[in-house]
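Please read them with the structure open.

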Amino acid sequence: MNFAKKKFSSLGRFEQCESEWREPDRYRDLLTMSPARKHIARGAGLSLSGASFGTDSLVTSMRRFNRILAFDRGKKSIRAEAGVSLGKLHEYLAPQGFYLPVQPGYPDITLGGCIAGNVHGKNQYREGDFAGCVQEIELFHPARGILTLTPAENTELFNLTCGGYGLTGVILSAVIGVTEFPGGRAYISNIPTTGLRDTVETLLEIRDDYDFLYSWNEMSGARSTTGFVRAGNFQNDTRGGLGPMRHKKLDPMRPVPAINLFNRLILPPLNGLYAAFIHHLKKSETVDALDVFFPFATLPSYFHAYGRNGFLEHQVLIPSDAVAGYLRAFEQVHEKFRIPLGLATFKLFRGQQKHLRFTGDGISFAFHAPHTSNLDAFMTEVDSLDVDHGAFANLIKDSRISANIARKQYPDYDSYRENLLAHDPRRLFASALSRRLNL
Ligand SMILES: Cc1cc2nc3c(=O)[nH]c(=O)nc-3n(C[C@H](O)[C@H](O)[C@H](O)COP(=O)(O)OP(=O)(O)OC[C@H]3O[C@@H](n4cnc5c(N)ncnc54)[C@H](O)[C@@H]3O)c2cc1C
């Protein structure tokens with residue numbers, strides 16, 4: 001059977017390819033998948049890597065499978081099809097006094113994408129990662145049919161599927177644990193910091209006091225000398241948090257300016273003004289809870305401002321005892337290449353690292369770098385310093401990391417591949433990400 005072809009791109013425009021694709025709206029079509037070719041499921045297509053498309057793979061968009069199937073108030077759980085968006089789930093749950101405790105920052109992201117990417121929210125240290133909320137998955141594999149996976153039934157396949165980058169099959173639906181909605185607004189303190197280490201120390205000092213906690217550092221020049229920690233608590237206030245969801249469409253394929261607007265000339269004064277504004281005028285604020293859950297909902301232009309060459313997101317989890325040495329080494333590498341970084345942020349993490357999931361104990365450091373001519377050389381040195389300090393990269397976000405580096409960073413890399421092969425000897429699911437990482 002022939003399918004239409006379409007060009008796909010990761011959000012930062014780093015990984016792109018043309019693939020055949022389809023967007024079925026009936027189960028009888030969805031479940032007709034040839035076992036004679038490669039496949040990959042796609043949610044909203046908002047990943048920063050080529051996780052949901054690949055040359056020679058038939059891309060199956062799950063967007064039309066977006067129904068909420070059941071809500072059990074007593075058991076605090078919701079069953080929904082995998083293509084449902086976080087925004088739709090929130091609009092359904094919040095008026096009933098519930099919400100998803102772990103949510104990445106944009107409302108169009110789908111349930112399937114959250115499970116396969118094992119995403120985290122604004123307070124991983126307190127809430128953990130998405131896998132911790134998943135109670136059941138209904139998974140379809142062309143050679144194995146429909147399987148029910150829970151932490152107790154088909155446990156190994158459940159674990160491979162949470163944070164499995166869509167490589168175990170198509171998630172049809174899932175049951176997710178929900179939490180009482182803490183309130184419609186949030187009181188936020190923006191605590192000024194002076195540099196990377198000061199920012200991390202501040203986060204560590206106040207880690208137990210806030211519902212959500214993350215930071216911003218100015219890194220457009222050689223060294224970061226200013227930043228702030230954003231720390232907040234939800235307030236029970238019926239004036240906010242219920243929707244409707246205000247957001248602008250984020251489309252990785254949208255035409256964008258030819259040049260990077262976050263360049264050496266524009267970014268330093270822009271960031272300087274932003275830092276001064278926060279330090280002097282916005283030390284505290286009360287905002288709608290939706291602005292906390294989905295800070296990028298009205299800001300898609302931020303991603304497009306990097307221009308046609310796009311940007312890279314690199315996020316690493318650094319063990320707490322290595323963070324001081326890591327940051328010293330990172331500042332030296334950054335000073336050598338002087339690539340203006342559009343965003344640099346820390347979050348605190350807690351958990352057990354396993355398989356290829358981005359989780360564990362430590363401090364997450366993420367930055368956005370424009371695709372400049374010296375970016376490859378810069379990132380080669382960053383990869384080495386990650387490995388030297390026992391840090392590992394978020395594979396769903398970094399669209400250029402190699403199999404060699406992933407194997408060095410993830411102790412379970414080889415066993416993960418073996419387990420995938422045991423589940424699916426013909427390895428029917430593949431993407432640009434899985435090919436690059438040799439999974
Ligand atoms: C503005 C913005 C903010 C973000 N903030 C965060 C954040 O705070 N924390 C965080 O962890 N991440 C964050 N992300 C990353 C994002 O949460 C993940 O990349 C997520 O996987 C994207 O979901 P998606 O629906 O777009 O899935 P896609 O990008 O379409 O796919 C992602 C992966 O999920 C698989 N997949 C999707 N649906 C299915 C299915 N039904 N069955 C099997 N596999 C499936 C795909 O094959 C692919 O491997 C952010 C992204 C954006 C754009």
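The points that follow cover the ligand site, the salt bridges, some loop residues and a surface patch.

1. Basis. This is a predicted model, in which local features need pLDDT of at least 70, side-chain atom pairs count only at pLDDT 80 or more, and totals for chains, interfaces and linings use all residues. Residues are numbered from 1 along each chain as its sequence is written, and side-chain values use heavy atoms, with hydrogens and water left out.

2. Ligand shell. The ligand has 35 residues around it, and A41, G43, S47, T110 and H120 come nearest. A residue is counted as near if one of its heavy atoms lies within 4 Å of the molecule. The shell divides into 20 nonpolar, 11 polar and 4 charged residues. In this division Ala, Val, Leu, Ile, Met, Phe, Trp, Tyr, Cys and Pro are nonpolar, Asp, Glu, Lys and Arg are charged, and the others, Gly among them, are polar.

3. A polar backbone atom of G43 is 2.8 Å from an oxygen atom of the ligand. T110 has a polar side-chain atom 2.7 Å from an oxygen atom of the ligand. At G105, a polar backbone atom lies 3.1 Å from a nitrogen atom of the ligand.

4. Cover of the ligand. On its own the ligand has 960 Å² of accessible area, and the protein covers 98% of this. Areas are from the Shrake-Rupley method with a 1.4 Å probe; for residues, only the protein chains shown count as cover. Strand 3 (38-42), helix 3 (111-116) and strand 10 (170-177) are the elements that give two or more residues to the shell. Helices (H or I, at least four residues) and strands (E, at least two) are DSSP runs, numbered from the N terminus.

5. N66 is found in the loop between strand 4 (57-61) and strand 5 (68-72). Its relative accessible area of 26% makes N66 partly exposed; buried means under 20%, exposed over 50%, and partly exposed in between (1.4 Å probe, protein chains only). N66 and T110 are 44 residues apart in sequence, with 8.7 Å from C-alpha to C-alpha.

6. Salt bridges. How many salt bridges does the structure hold? There are 23, each being a side-chain nitrogen of Lys or Arg within 4 Å of a carboxyl oxygen of Asp or Glu. In one of them, R126 pairs with D211, with the closest N and O atoms 2.9 Å apart. This pair links distant parts of the chain, 85 residues apart: R126 is in helix 4 (residues 124-127), and D211 is in the loop between helix 6 (196-205) and strand 13 (212-217). R126 is partly exposed at 37% relative accessibility, and D211 is partly exposed at 22%.

7. E331 and R223. These side chains meet in a salt bridge (3.3 Å, N to O). E331 lies in helix 10 (residues 323-337) and R223 in the loop between strand 13 and strand 14, so the pair ties together parts 108 residues apart in sequence. E331 is buried at 4% relative accessibility, whereas R223 is partly exposed at 37%.

8. K397 and E313. A further salt bridge joins the side chains of K397 and E313 (3.2 Å, N to O). K397 counts as buried at 19%, and E313 is buried at 8%. Separately, salt bridges that share partners join E23, D25, R26 and R64 into one network.

9. T359. This residue sits in the loop between strand 17 (343-349) and strand 18 (362-370). T359 is buried, with a relative accessible area of 3%. Its side chain makes a polar contact with the side chain of D129 (3.0 Å).

10. The loop between strand 14 and helix 7. M245 and L290 are 45 residues apart in sequence and 7.8 Å apart in space, C-alpha to C-alpha. L265 lies in the loop between strand 14 (227-235) and helix 7 (267-281), and counts as exposed at 73% relative accessibility.

11. Surface patch. I259, L261, L265, I266 and L270 make a nonpolar surface patch of about 480 Å². Patches are made of residues with over 30% relative accessible area and no salt bridge: like charges are joined within 9 Å, nonpolar side chains (Val, Leu, Ile, Met, Phe, Trp, Tyr) within 5 Å.

Definitions and conventions: A polar contact is a pair of N or O atoms within 3.5 Å; within protein, one must be able to donate a hydrogen and the other to accept it, and residues adjacent in sequence count only if both atoms are side-chain atoms.
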